Amino acid sequence: QLQLVESGGGLVQPGGSLRLSCAASGLTLDDSAIGWFRQAPGKEREGVSCISRTGWINYADSVKGRFTISRDNAKSTVYLQMNSLHSEDTAVYYCAARPVDLGGDCPLVRGPFYTDWGQGTQVSISS
């Protein structure tokens, strides 16, 4: 059974950092594309970053230069390093998987590409 478990969220001050983890089971991470999404109160869920099976990486414009996505296939875990956080980054962060990725680009939109989702981890930025 495929399962995605996010962790690493919390409360930090503006300018601080957090590293989120997405631990995946029931799939082979080497074959998968993983996306990070976030949803702030009253807003639509939006794509933050993704990494494809072949290592293609995308970032939303709002996080470029501040967030870094990486994967450790041996640990079946994808990370999202978030630096220079500000209040607009406050949201519940979700990871999503496409278990069998054909490679190429990965999208930063919800839809049929990502078939499995985690339960989310809360990230709050406040002084």
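This is a predicted model: local features need pLDDT of at least 70, side-chain atom pairs count only at pLDDT 80 or more; totals for chains, interfaces and linings use all residues.
Visitor: How do you know that the radius of gyration agrees with a compact globule?
Guide: The protein chain has 127 residues, and a compact globule of that length would have a radius near 14 Å. The chain has 13 Å, so the value agrees. Along the principal axes, the C-alpha trace spans about 40 × 25 × 25 Å.

Visitor: What share of the residues is buried?
Guide: Buried means under 20% relative accessible area. Of the 127 residues, 44% count as buried. The chain exposes about 6300 Å², and carbon and sulfur atoms supply 48% of that area.

Visitor: What share of the contacts joins residues at least 24 apart?
Guide: Take the contacts between residues at least 6 apart in sequence. Of these, 61% join residues at least 24 apart.

Visitor: Why are β1 and β7 said to stand at the edges?
Guide: Four strands form an open sheet in the order β1-β3-β8-β7, with antiparallel pairing. β1 (3-7) and β7 (67-72) each have a single partner strand, so one side of each is left without a neighbour in the sheet. Neighbouring strands here are turned by 15° against each other on average, direction ignored.

Visitor: How do you know that β1 and β3 pair?
Guide: Pairing requires at least two bridges between the strands. Five bridges join β1 to β3 (residues 18-25), so the pair qualifies by that cut-off. The two strands run antiparallel. Val5 stands opposite Ala23 in β3.

Visitor: Which strands pair with β4, and over how many bridges?
Guide: β4 and β9 (residues 91-98) pair in the antiparallel sense over seven bridges. Five bridges join β4 to β5 (residues 46-51), also antiparallel. Ala33 has Arg98 as its bridge partner in β9. Ile34 has Ile51 as its bridge partner in β5.

Visitor: What makes β4 mostly covered?
Guide: Six of its seven residues are buried.

Visitor: Which residue in the hairpin of β4 and β5 takes a positive phi?
Guide: Gly42 does, with phi near 75°. The hairpin has six residues between the strands.

Visitor: Why is Asp30 called partly exposed?
Guide: The class lies between under 20% for buried and over 50% for exposed. Asp30 has 40% relative accessibility, so it counts as partly exposed. Asp30 is found in the loop between β3 and β4 (33-39). Not counting residues up to four places away in sequence, Asp30 touches Arg53, Arg71 and Asn73. The C-alpha atoms of Asp30 and Ser62 are separated by 28 Å, and the two residues are 32 apart along the chain.

Visitor: How do you know that Cys22 and Cys95 form a disulfide?
Guide: The cut-off is a pair of cysteine sulfur atoms within 2.5 Å. The S to S distance of Cys22 and Cys95 is 2.1 Å, so the pair qualifies. With 70° about the S-S bond, this link is right-handed. The pair links distant parts of the chain: Cys22 in β3 and Cys95 in β9, 73 residues apart.

Visitor: Why are Cys22 and Cys95 called buried?
Guide: Buried means under 20%. Cys22 is at 1% relative accessibility, so it counts as buried. Cys95 has 0%, so it is buried too.

Visitor: What makes Cys50 and Cys106 a disulfide?
Guide: Their sulfur atoms are 2.1 Å apart, and the limit is 2.5 Å, so the pair passes. The torsion about the S-S bond is about 85°, so this disulfide is right-handed. Cys50 lies in β5 and Cys106 in the loop between β9 and β10 (116-117), so the pair ties together parts that are 56 residues apart in sequence. Both Cys50 and Cys106 are buried.

Visitor: How many disulfides does the structure hold, and what is the pairing?
Guide: The structure holds two disulfides. Numbering the bonded cysteines in sequence order, the pairing is 1-3, 2-4.

Technical notes: Residues are numbered from 1 along each chain as its sequence is written. Side-chain values use heavy atoms; hydrogens and water are left out. Axes are lines fitted to C-alpha atoms, for helices over the stretch in contact, and angles run from 0 to 180 degrees between N-to-C directions. Buried means under 20% relative accessible area, exposed over 50%, partly exposed in between (1.4 Å probe, protein chains only). Contact means heavy atoms within 4.5 Å. The radius of gyration is taken over C-alpha atoms; the globule rule is 2.2 Å times the number of residues to the power 0.38. Accessible areas come from the Shrake-Rupley method with a 1.4 Å probe; for residues, only the protein chains shown count as cover.
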